[in-house]
Amino acid sequence: MYITPVLMTLAQIVSQKLSPVTSPDPVQQRMMTFMPFFFLFIFVNVPSGLVIYWLASNLFQIAQQLLLNRFEARAKPA
């Protein structure tokens, strides 16, 4: 029934785990950890087209981050 908001939340969690940017502030880190779940509750009542758009954007962001991580690993000297 609510498959797209759940998929979007999972994609956001994966995207956060792949992102190399971390905050030194522990309160901000905790807030960013709960942010995908906050968006889950927001996007449950949003039209599915918007959620699919957001999900597609997250999936493209994950693919881009994976490519950047791969290129960065190749550029580093062993």
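Ser15 is found in helix α1. Helices (H or I, at least four residues) are DSSP runs numbered from the N terminus. The model is predicted: local features need pLDDT of at least 70, side-chain atom pairs count only at pLDDT 80 or more, and totals for chains, interfaces and linings use all residues. Residues are numbered from 1 along each chain as its sequence is written, and side-chain values use heavy atoms, with hydrogens and water left out.

Ser15 has a relative accessibility of 12% and therefore counts as buried. Buried means under 20% relative accessible area, exposed means over 50%, and partly exposed lies in between, for a 1.4 Å probe and protein chains only. Ser15 touches Gln61 and Ile62, not counting residues up to four places away in sequence. Contact means heavy atoms within 4.5 Å. Ser15 and Asn58 are separated by 43 residues in sequence, yet their C-alpha atoms are 7.1 Å apart.

Asn58 belongs to helix α3. Its relative accessible area is 7%, so Asn58 is buried. Beyond neighbours within four places in sequence, Asn58 contacts Met8, Ala11 and Gln12. Gln65 also lies in helix α3. With a relative accessibility of 18%, Gln65 counts as buried. Its contacts are Leu18 and Pro20, leaving aside neighbours within four places in sequence.

Two packed helices are described by the angle between their axes and the distance between the axes. Axes are lines fitted to C-alpha atoms, for helices over the stretch in contact, and angles run from 0 to 180 degrees between N-to-C directions. Helix α1 covers residues 3-18 and helix α3 covers residues 48-75. Their axes come within 9 Å and cross at roughly 25 degrees. The two helices are therefore roughly parallel to each other. Angles under 35 degrees count as roughly parallel, over 145 as roughly antiparallel, 65 to 115 as roughly perpendicular and the rest as oblique. The crossing of α1 past α3 is left-handed. A crossing is left-handed if the near helix is turned anticlockwise from the far one by less than a right angle, and right-handed if clockwise.

On the α1 side, the residues that meet α3 are Thr4, Pro5, Leu7, Met8, Ala11, Gln12, Val14, Ser15 and Leu18. Their counterparts in α3 include Val51, Trp54, Leu55, Asn58, Ile62 and Gln65. This contact of α1 with α3 comprises 13 nonpolar, seven polar and no charged residues. Here Ala, Val, Leu, Ile, Met, Phe, Trp, Tyr, Cys and Pro count as nonpolar, Asp, Glu, Lys and Arg as charged, and the others, Gly among them, as polar.

Helix α1 also packs against α2. The axes of α1 and α2 are 9 Å apart, at an angle of about 165 degrees. That makes α1 roughly antiparallel to α2. The crossing of this pair is right-handed. From α1, Pro5, Val6, Met8, Thr9, Gln12, Ile13 and Gln16 take part. From α2, they meet Met32, Thr33, Pro36, Phe37, Phe39, Leu40 and Phe43. The contact of α1 with α2 divides into ten nonpolar, four polar and no charged residues.

Pro36 has its place in helix α2. Its relative accessible area is 1%, so Pro36 is buried. Pro36 contacts Thr9, Gln12, Ile13 and Gln16, leaving aside neighbours within four places in sequence. Pro36 and Ser15 are 21 residues apart in sequence, with 10 Å between their C-alpha atoms. Leu40 is likewise found in helix α2. At 18% relative accessibility, Leu40 counts as buried. Pro5, Val6, Met8 and Thr9 are its contacts, again leaving aside neighbours within four places in sequence. Leu40 and Met8 lie 32 residues apart in sequence and 7.6 Å apart from C-alpha to C-alpha.

The largest nonpolar core has six residues: Met8, Ala11, Phe43, Val51, Leu55 and Ile62. A nonpolar core is a set of buried Ala, Val, Leu, Ile, Met, Phe, Trp, Tyr and Cys residues joined through side-chain atoms within 4.5 Å. Helices α1 and α3 are the elements that give two or more residues to this core. The largest share, three residues, comes from α3.
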